Structures are given as C-alpha cells and as structure tokens.
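Let's take a friendly walk through a protein model. Have a look at the sequence and the 3D view first, and then we will visit a few spots together.

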Amino acid sequence: MIKKIDKTKIEDSLKKNRIVKHGVNGLSRFLILWIIKYNKSIHGYAIMKELDKFFFQLIEDGVLKPSNSSKIYPILRKMEENGTIIGKWHKQENQKVKYYSITEHGLQIFYYFVNKKEYMLKNEQWKLLFKDIIE
C-alpha cells in the first residue's frame, strides 16, 4: 500500500534531506554510465536532459534543480579521472563540445551491477525492499 504524503509538509524537509540528495547522486552515476552506453557518444548537456527525465518528479517537487550543470560536469570529470568514461572534444558550429563514451572499465562496472540483479531478486532483504517500493 502506497502511503499518501502531504506535499506541503514534506517539500521543505526533502530539499534539505541528505539521504535524498546522496541517493540521487549515487544513482546518477549509474544512470550516466547507462545513458552514455545507450547513446554510444553524447555531450554533457544531453546527459543532463536525459537525467532530468529520470528525476522529473523530484525536479517538479522542488527537491532537485533542473539541469544543474554545476553538478553534472564535476561528476563527468571525476568519472573521466577514474576511467569509467572518456571525453573527446569536437568542433560543432564553431564551438568546442565534449562528447563522452563509456570505457571498458565503465562497462565492467555497469555490468557488475546489472549482473547482481539476480542476487537482488533472490535475496529476501532486497525482495522486502522492492515489495515495499512497488506496492
């Protein structure tokens, strides 16, 4: 059973809640890997727009800011530094645009989590969590 929440009461506490922000930040890195893998090569602004599609409701509720470029580019830079993605500059309409691709290391990390879904679907604790989320 999904519990109804009073949007006006929870909105301010959600904006300040580190659990929500850290959860979104952690999930964002996995989603960035998936977005880049799915698109083969994609620039930072397009990645932001794709992430917005996942977090639309949180943006609409005021928990997250839309297209927060001050956060996405440092994340992309760190992902480049740790070798999960690679960025290459291209000239596009007299501007330099950086396009990102997933590396072999990034694919290994992505598939590590994808392959753990079997464990998660069989593990009783994960089942309880998913049941609580879905119902």
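A residue is called buried when its relative accessible area is under 20%, exposed when that area is over 50%, and partly exposed in between. Keep in mind that you are looking at a predicted model.

**Aromatic rings**

Let's begin with the rings. How many aromatic pairs are there? The count comes to six. In one of these pairs, the ring centres of F30 and F113 are 6.2 Å apart; the planes meet at 80°, over the 60 degrees needed, so this pair is edge-to-face. Which helices do the two partners belong to? F30 lies in helix α2 (residues 18–39) and F113 in helix α6 (residues 104–115), so to speak of the chain, 83 residues separate them and the pair links distant parts of it. The rings of F110 and Y111 also form an edge-to-face pair, because their planes are at 80°, and their centres are 5.1 Å apart.

| Residue | Relative accessible area | Class |
|---|---|---|
| F30 | 28% | partly exposed |
| F113 | 45% | partly exposed |
| F110 | 5% | buried |
| Y111 | 36% | partly exposed |

F110 counts as buried because its 5% is under the 20% cut-off. One aromatic cluster takes in F30, F110, Y111, Y112 and F113.

**The sheet**

Now turn to the strands. In what order do they lie? The three strands form an open sheet with the order β1-β3-β2, and their pairing is antiparallel. At the edges are β1 (42–43) and β2 (85–92), each of which pairs on one side only. Strand β3 (residues 95–102) runs antiparallel to β1, and two bridges join them.

The charged end of K96 sits over the ring of W89, at 5.3 Å from the ring's centre.

**Helix α8**

Our last stop is helix α8 (residues 124–134). How many of its 11 residues are buried? The count is zero, and the helix is hardly covered. At the start of α8, a side-chain oxygen of N123 comes to within 2.8 Å of the backbone nitrogen of Q125.

Technical notes:
Residues are numbered from 1 along each chain as its sequence is written. This is a predicted model: local features need pLDDT of at least 70, side-chain atom pairs count only at pLDDT 80 or more; totals for chains, interfaces and linings use all residues. Side-chain values use heavy atoms; hydrogens and water are left out. Two strands pair if DSSP finds at least two bridges between them. Helices (H or I, at least four residues) and strands (E, at least two) are DSSP runs, numbered from the N terminus. Rings of Phe, Tyr and Trp (its six-membered ring) pair if their centres lie within 6.5 Å; planes under 30 degrees apart count as stacked, over 60 as edge-to-face and the rest as tilted. Buried means under 20% relative accessible area, exposed over 50%, partly exposed in between (1.4 Å probe, protein chains only). A charge sits over a ring if NZ of Lys or CZ of Arg is within 6 Å of the ring centre and within 35 degrees of the ring normal. A polar contact is a pair of N or O atoms within 3.5 Å; within protein, one must be able to donate a hydrogen and the other to accept it, and residues adjacent in sequence count only if both atoms are side-chain atoms.
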